[in-house]
Amino acid sequence: MKPTQPHFARNLASEGDVNLSARRRQWEAQCLDDATRAMLAEDSRHFLHQSLSTPCFNALKASSGIWLEDLQGRRIMDFHGNSVHQVGYGHPKVVAAMKEALDVLPFSPRRFTNRYAVDLAARLTSLAPGDLNRVLFAPGGAEAIGIALKLARIATGRHKTVSMWDAFHGASLDAISIGGEAIFRRGVGPLLPGTEHVPPCDPRDCRFKCGGACDASCADYVEYVLGKEEDVAAVVVETVRATDVQAPPPEYYRRLREYCDRHGALLILDEIPSCLGRTGKIFAFEHYGIVPDMVVIGKGLGGAAFPMAAVIVREGLNVAADRALGHYTHEKSSLGCAAALATLDVIESEGLLARTTALGERALSRMKLMQSRQPSIVDARNVGLFLAIELDRAQIAEDVMYRCLSKGLSFKVGQGTVLVLAPPLIIAEHDLDGALDIVESSITEATSA
Ligand SMILES: Cc1ncc(COP(=O)(O)O)c(C=O)c1O
């Protein structure tokens, strides 16, 4: 069973640690120098305040490889990185490719194509299985999700969607309509109509009481809704839920695929944070032996340097030639495409898929050992280098996070109690081991404080 915490607290902390807590203020009071405080005050004066960012809690001056460097010169291993940093920060091949594009073709207006964009489109569709043969690029994940939703409406002539509670698909109004987190949905007025929500596959907190051994009743419930509504355009799912690293069993996706086909709904997988090696495969759905109708990728696609996302869809969905699906200014960014091509090169030439699988297994055994010694750990799990350590109390999770930050390790806390560790895939074994040592010593301190 999942640890319990008040709904409001869990909702507030679903996507990440909040910036309003007393523990944060305590950390700031103890750990920041005057120059940092002054910059934070300036930041706070100029930016709109919002949950999960401004006011910020520290300031950076540099990033390189797996490291961030703050204004005070402290080095911090980045196991958060907003999931953009599969190849680390400032990878020389990414930097060289972007510099070359900057010199040659810094911007490509949308009505022209360019070699970088065409090569990236060809590369992505050749990596994608089945007939996922068509792409559109966008400057961010939420915009790419919006493209997928529009295309699903046009292709099916239907507008309804089924998506998951607790899911995140981006912060725009259309994306929060299919997302399932109160912190984004609360108090912003009417969202998109026809966006049905169902419980996600979460065997440890199963609404259908599977008792931890998923029997895919949650997938059967999706079919129940598809049957009742009759005219759903798409089922939208994060293949691996990023906020707490939940990976459904293969049977779940086998059934979703079958049910979508039976009811004429498209299956859209959101792999914005989980694509390009994070799970040990280029696409997370490759773990499941199914092919979606559309997959949406982003974040690391831009090589930890440029905002890039993409929708990759089945050939048969090339049906909207008379409409504008995306039409974003940076739709064929030479710079972004150069960064993406270099990122794919690095993943291949440095064998990052196999490396991620091996490092993920190494981390999991270390985390299981930690669990055997730390009663506050209720679960340890991974999908590649998406690592999760679930604790029994939100207060402990938050305390552990700030203790780790003080020792030079940054990660996020998802759903209030889950330490979500997402290191760059290029990380050295000894750094990964060192980070897990920091986590364990911090748990020991937090639980004995
Ligand atoms: C699963 C998922 N979908 C969509 C998004 C939105 O991506 P972006 O922030 O690039 O709009 C995110 C970002 O965190 C995400 O984690």
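This is a predicted model: local features need pLDDT of at least 70, side-chain atom pairs count only at pLDDT 80 or more; totals for chains, interfaces and linings use all residues.
1. Overall fold. The protein chain contains 14 helices and 15 strands. Its radius of gyration is 21 Å, close to the 22 Å that the globule rule gives for 449 residues, so the chain is as compact as a globular protein of that length. Along the principal axes, the C-alpha atoms fill a box of roughly 60 × 60 × 45 Å.

2. Of the 449 residues in the protein chain, 50% are buried. Among contacts with a separation of 6 or more, 74% are made by residues 24 or more positions apart.

3. Helix α3. This helix covers residues 34–46. At 1.5 Å a residue, its 13 residues should span 18 Å, and the end C-alpha atoms are 19 Å apart, which agrees. The number of buried residues in α3 is 0, so the helix lies largely in the open.

4. Thr417. This residue lies in the loop between β14 (412–414) and β15 (418–421). Thr417 has 27 C-beta neighbours inside 10 Å and therefore counts as buried, the cut-off being 20 or more. The C-alpha atoms of Thr417 and Ile389 are separated by 8.5 Å, although the two residues are 28 residues apart along the chain.

Key: Residues are numbered from 1 along each chain as its sequence is written. Helices (H or I, at least four residues) and strands (E, at least two) are DSSP runs, numbered from the N terminus. The radius of gyration is taken over C-alpha atoms; the globule rule is 2.2 Å times the number of residues to the power 0.38. A residue is buried if 20 or more other C-beta atoms lie within 10 Å of its own, exposed if 12 or fewer, and partly exposed in between; C-beta atoms are placed from the backbone. Two residues are in contact if their C-beta atoms, placed from the backbone, lie within 7 Å. The expected span of a helix is 1.5 Å times one less than its number of residues.
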